[in-house]
Amino acid sequence: TPLARERADLTARRRALEAIPLQYEGRRRVFTVSNQKGGVGKTTSTVNLAAAFAHMGATVLVVDLDPQGNASTALSIPHNAETPSVYDVLVDERPLSEVVQHSPESPRLLCAPSTIHLAGAEIELVSLVARERRLRTALEKYLSTEGADIDIVLIDCPPSLGLLTINAFTAADEVLIPIQCEYYALEGLSQLMGTVSMIQKHLNPTLSLSTILLTMYDDRTRLAQQVADEVRAHFPDQVLATVIPRSVRISEAPSFGQTVIAYDGQSVGAVAYREAAVEIVRRDDENTAAGIPAPTTEAEEREP
């Protein structure tokens with residue numbers, strides 16, 4: 001039956017993941033997870049990929065740049081108004097090391113939390129010196145300090161293209177774009193690509209669009225398949241083969257202050273995020289072995 005086939009497939013995928021060695025040996029990578037459209041799974045993908053990378057043996061830092069602080073909530077990081085946060089780093093030049101906290105979920109999972117003060121940072125940053133580079137400066141200083149043995153940094157952006165997002169783009173080496181498998185998700189993609197291209201030209205020439213992750217995929221609908229095909233046609237080298245399905249477990253996990261990896265590691269959502277993390281690492285390893293440079297957005301200006 002279809003249900004039996006689905007269960008057999010999920011069991012095979014779990015076994016394949018169990019065979020992967022839990023040791024990260026890749027290079028240090030800094031991702032910004034961005035899409036100016038809300039509700040596409042940015043924060044969900046950020047925290048679950050972070051947990052999946054940590055499960056693979058990497059030490060992961062999540063930088064929560066969204067004033068809503070949902071990534072901090074999902075990782076059980078306190079982020080009330082008195083908590084030292086990314087706001088203090090950006091506006092008051094507080095060292096990032098004084099802000100970073102360990103998530104109780106894993107000793108390899110760290111988070112620089114967001115607080116409500118970050119909502120006013122867009123206005124306060126306007127008058128500050130080097131307003132676009134303040135996160136990059138703080139992050140570089142933190143990563144260069146002894147003891148900051150971070151393998152992967154994931155920066156969770158707000159659903160807008162303001163100064164917070166520009167700081168994230170300037171601080172990162174790679175852009176990871178989650179795209180919901182619905183029509184509206186495609187409309188803002190060209191605008192986002194234009195922003196990435198502008199950042200490349202003026203602020204961060206090493207920035208590249210390396211990964212597109214299809215989220216909320218429902219294989220029962222023709223629309224989801226059409227959206228996936230269209231995105232893959234325009235970005236064949238960036239779109240992951242792994243897609244993230246609609247899953248109740250993924251939606252439930254944040255209410256318990258957990259990622260889906262910790263909440264229900266055997267669920268289809270947890271398996272999908274772990275597969276996505278493995279694919280991201282393997283793609284980089286394959287490109288490095290083949291001497292292929294990181295992709296740049298200059299060649300990806302075709303509008304979806």
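Me: Buried means under 20% relative accessible area, exposed over 50%, partly exposed in between (1.4 Å probe, protein chains only). Which class does R94 fall in?

Reply: This is a predicted model, where local features need pLDDT of at least 70, side-chain atom pairs count only at pLDDT 80 or more, and totals for chains, interfaces and linings use all residues. Residues are numbered from 1 along each chain as its sequence is written, and side-chain values use heavy atoms, without hydrogens and water. R94 has 30% relative accessibility, so R94 is partly exposed.

Me: With which residue does R94 meet in a salt bridge?

Reply: A salt bridge puts a side-chain nitrogen of Lys or Arg within 4 Å of a carboxyl oxygen of Asp or Glu. Here the N to O distance is 3.0 Å. R94 meets E98.

Me: How many salt bridges does the structure hold?

Reply: The pair of E98 and R94 is one of them. R27 with E174 is another. The structure's total is 14.

Me: How far apart are the closest N and O atoms of E174 and R27?

Reply: The pair links distant parts of the chain, 147 residues apart. E174 sits in strand β6, and R27 lies in the loop between α1 (2–18) and β1. Helices (H or I, at least four residues) and strands (E, at least two) are DSSP runs, numbered from the N terminus. The closest N and O atoms of E174 and R27 are separated by 3.4 Å.

Me: Is R29 buried or exposed?

Reply: R29 belongs to strand β1. Its salt-bridge partner is E174, with the closest N and O atoms 2.7 Å apart. E174 has a relative accessible area of 3%, so E174 is buried. At 5% relative accessibility, R29 is likewise buried.

Me: Which residue joins R27, R29 and E174 in one network?

Reply: E174 bridges to R27 and also to R29. R27 is partly exposed, because its relative accessibility is 38%. Salt bridges with shared partners bring in one further member, D284.

Me: Which are the edge strands of the sheet?

Reply: Eight strands form this open, mixed sheet, in the order β3-β4-β2-β5-β1-β6-β7-β8. Strands pair if DSSP finds at least two bridges between them. An edge strand here pairs on one side only. The edges are β3 (101–102) and β8 (239–245).

Me: In β5, what is the bridge partner of D64?

Reply: Strand β2 covers residues 60–64, and strand β5 covers residues 152–156. The two pair in the parallel sense over five bridges. Across from D64 is D156.
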